[in-house]
Amino acid sequence: MPWARRRIPLAWLLLVRQPVRLAIALAGIGFAGILMFMQLGFRDGLFDASVVIHRLFDADLVLVSPRTMSSISMAPFPEGRLVQSLADPEVAAMTPVQWEFVLWRNPETRRTRSILALGFDPEDPLLSDPSVQRQAPLLRLPGRVLFDERSRPEFGPVAAWFRAGRSVQSEVSGQRLRVAGLVALGPSFGADGNMLVSRETFRTIAPPGSRGGIQLGLLRLRQGADPARVQQRLDDQLPSDVKVYTKEQFIEFEKTYWRTSTAIGFIFTLGAAMGFVVGCVIVYQILYGDVSDHLPEYATLMAMGYGLADLLGVVAREGLLLALLGYIPAYAVAQGLYALIRDSTRLPVLMDPQRAGLVFLLILSMCLFSALLAMRRLADADPADIF
Amino acid sequence: MADHRSAHSVIVARGLCHAYGRGSTRRQVLQSIEFTVASGEIVLLTGPSGCGKTTLLTLIGALRSVQQGELEVLGVPLQSADRERRRRVRRRIGMIFQGHNLLRCLTAEQNVQMGADLLPGLAYRQRRAIARQWLQAVGLGEHLRQFPHDLSGGQKQRVAIARALAARPRLLLADEPTAALDGRTGREVVELLRQLAREQGCGVLMVTHDPRILDVADRLVTMEDGRLLAGTLRQSER
C-alpha cells in the first residue's frame with residue numbers, strides 16, 4: 001500500500017496559506033544565504049586569487065629560499081642549487097624564475113604602481129597556459145613584456161590600447177618597456193597586476209639588491225616519477241639555503257600564509273557566521289510565531305489523538321521546506337552577484353559545488369535548529385485547555 | 001479487568017475525584033463521581049457553569065490524568081495511564097468543541113481528512129473518500145474546497161462533527177456544541193449528531209446548557225458542585 005503513510009501536507013499548507021509570512025521568511029533566509037554565499041565567496045576567491053599563477057606554473061617541484069614567506073616576500077637563493085638538482089636522475093628539466101615587484105608607469109596618467117614582474121628565459125616553459133607558451137618567443141627582443149590583461153585598471157588601458165593596434169609603452173626603473181602581447185592571469189592579494197619579461201629585460205628593471213640569484217626554481221620530473229620521493233631526496237641532498245616543495249605544497253604554502261598571517265579568513269568567516277545567526281533569528285521568529293498562532297489547532301490535533309511526535313514533525317517539515325524554498329533564490333542571486341564581483345574586482349569568485357553544498361547545509365541546519373527551538377513552544381499545547 | 005458492567009459500557013467511573021491547585025488554593029472540582037455510559041447511549045450532562053462538567057469531560061477524553069478513583073473508557077483503565085496510552089485512547093474518541101477548532105489553513109475536506117488520517121492501514125485515496133462521505137453525510141458535499149472562514153457557524157460545527165466521526169470513534173464527547181449557534185441551527189446540528197451517532201452505534205456524552213436540545217438525549221445527568229445529582233431521569237424513547 002504505497003500511500004498508506006501519505007498524509008495531508010500540513011506543514012506545506014501552513015506555510016503557503018500565509019503568503020505574507022512565507023514571503024518574509026523566504027526573504028530572511030534568502031538574505032542570510034546570500035550573505036553567507038558572498039562572505040565565503042570572497043574568502044575563497046581571495047585565497048584562490050593568491051595562487052592563480054602558482055597553479056599555472058609548469059612544474060612538479062618548486063625550489064624557493066627558506067626565507068621566503070609568501071609571494072610578496074620572495075627571497076633569492078643561488079641559481080646553482082637549481083642546476084645541482086638537475087643531477088637527480090628523475091629530474092628532467094628546470095626553469096629559473098625571477099620574481100620582483102617593480103613600479104609600472106601608467107601610460108595614460110603617468111602615475112606609477114607596483115606590479116609583479118616574472119623574469120624567465122623565453123626558451124624555458126614557465127606557465128602551462130597556451131597563450132603564454134605561444135607568445136613567449138616575443139620576449140626574445142629586449143625591453144618587451146607580456147602584460148596581464150586582468151591587471152587592475154590603475155595600470156592604464158593597456159589591453160584596450162594594445163587590442164586597438166596601438167604601440168603601448170611604459171617605463172619601469174627608467175627603462176622603456178613595450179607591450180608585446182597580452183596574457184590572462186589575474187590580480188591577487190599581493191599583486192594588483194602581473195607582467196612577464198625575459199631574464200635580460202628583468203636584469204635591467206629589477207631593484208639593485210635582488211640582481212643576484214633567483215627567487216623561484218621550477219623542476220619538471222621524468223614521466224612516472226613520484227614527486228614526493230624526489231622532493232624528499234632533493235631536500236636531503238641540497239644545502240639548507242633552499243627549500244623544495246611539490247607544486248601542491250607550494251600552493252598550500254601561499255594560501256596558508258594568507259589564511260594565517262592575515263585577518264582575511266577570520267573576517268569573512270565571521271561575516272558568514274553573522275549571516276547564519278541572522279538567519280536563525282528570522283526563521284526562529286517566523287516558526288515561533290507560526291506555532292503560537294496555531295497553538296489551539298495543535299492542541300486540537302493532540303486531542304484528536306495525534307502525538308507530540310506528529311506535531312514536532314510538522315514544525316520540522318516547515319523548517320525543511322523553508323530551507324529548500326529559501327535556498328533557491330539565495331543561490332540564484334548569489335550567481336548574479338558573483339558575476340558582478342568577477343567583473344568589478346577581477347577576483348575568481350565562482351559558484352563551486354562545494355560552497356553551494358556548504359551554504360545549503362548551513363541554511364538547512366539554520367532552519368532545523370530554529371525549528372527545534374520553536375518546538376519548545378509546542379510544549380504549551382495542552383489539549384486539556386481547549387474544552 | 002473488565003467486569004460484567006463495563007463490557008457493555010463505554011464509560012465507567014467509580015469514585016472519581018479531581019482537584020486543582022495545591023495546599024491552601026486546592027479546590028475540589030469532582031467528588032466521588034459514579035457514572036456509566038452504555039455503548040450507543042446518548043447522555044446529556046447539564047449543570048451550572050463551574051460545576052465540574054468540563055473537567056469530567058477532559059478526564060473522560062483522556063486529556064488529563066486521573067488523580068483519584070477509577071475511570072475506564074472504551075475498556076481502558078485511565079487511572080495511572082501514561083501519556084502514550086492516553087493518546088491511543090483519544091484516537092478512538094471523537095471530540096467536538098464549543099469553538100469548532102477547525103484548522104484554518106485546511107479546506108473542509110482536508111479538515112475532515114485529518115480525522116480519517118488517524119485510521120490505520122488505509123490508502124490516501126480511501127481516507128479522502130471517507131472524508132468526502134462524511135461531509136456529504138453532514139450535508140456539506142458542495143463545500144469540500146471551502147476554508148473554515150468561508151463557512152457559517154453551523155457549517156463549521158458540521159465539519160467538526162464530520163471530522164470527529166471520520167476517525168470511527170466508539171465514543172463522542174461534545175462540549176456545548178450549540179453554544180455558538182442560533183437556536184434553529186443548533187437544533188439541526190444536534191439532530192444530525194444524534195442520527196449519525198446512532199447509525200455508528202457510538203456512545204455520546206454531551207455537555208450542554210441549551211434547554212432546547214435536552215430532548216435528544218436517552219438520559220439526562222445533572223451535576224452540581226462536583227457531584228452528580230441522584231435521580232437523573234431517563235428520557236422516553238422518541
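## Strands side by side

Let's begin inside chain A of this predicted model. Strand β4 (residues 144–148) of chain A pairs with strand β6 (residues 175–183) of chain A in the parallel sense, over five bridges. Within this region, A:Arg144 stands opposite A:Arg178 in β6(A).

Strand β6(A) also meets strand β5 (residues 169–172) of chain A: the two run antiparallel and are joined by four bridges. Here A:Val172 stands opposite A:Gln175 in β6(A). What do β5(A) and β6(A) form? They make a hairpin with two residues between them, and A:Ser173 in the turn has a positive phi of about 50 degrees.

## Chain A as a whole

Chain A has 13 helices and nine strands. Its C-alpha trace spans about 95 × 50 × 40 Å along the principal axes. The radius of gyration of chain A is 29 Å, whereas a compact globule of 387 residues would have one near 21 Å.

Of the 387 residues of chain A, 43% count as buried. Among the contacts in chain A with a separation of 6 or more, 82% are between residues 24 or more positions apart.

## Where chain B touches chain A

How many residues of chain B are in contact with chain A? There are 27, and they meet 21 residues of chain A. On the chain B side, the elements giving two or more residues are α2 (53–60), α3 (83–91), α4 (108–116) and α5 (124–137) of chain B. The largest share, four residues, comes from α4(B). By type, the residues on this side of chain B divide into 12 nonpolar, eight polar and seven charged.

Note on methods: Residues numbered from 1 in each chain as written. Chains lettered and ligands numbered in written order. Predicted model: local features only at pLDDT ≥ 70, side-chain atom pairs only at ≥ 80, totals over all residues. Rg over C-alpha atoms; globule rule 2.2 N^0.38 Å. Buried ≥ 20, exposed ≤ 12 C-beta atoms within 10 Å, placed from the backbone. Contact = placed C-beta atoms within 7 Å. Nonpolar A, V, L, I, M, F, W, Y, C, P; charged D, E, K, R; others polar. Pairing = 2+ DSSP bridges.
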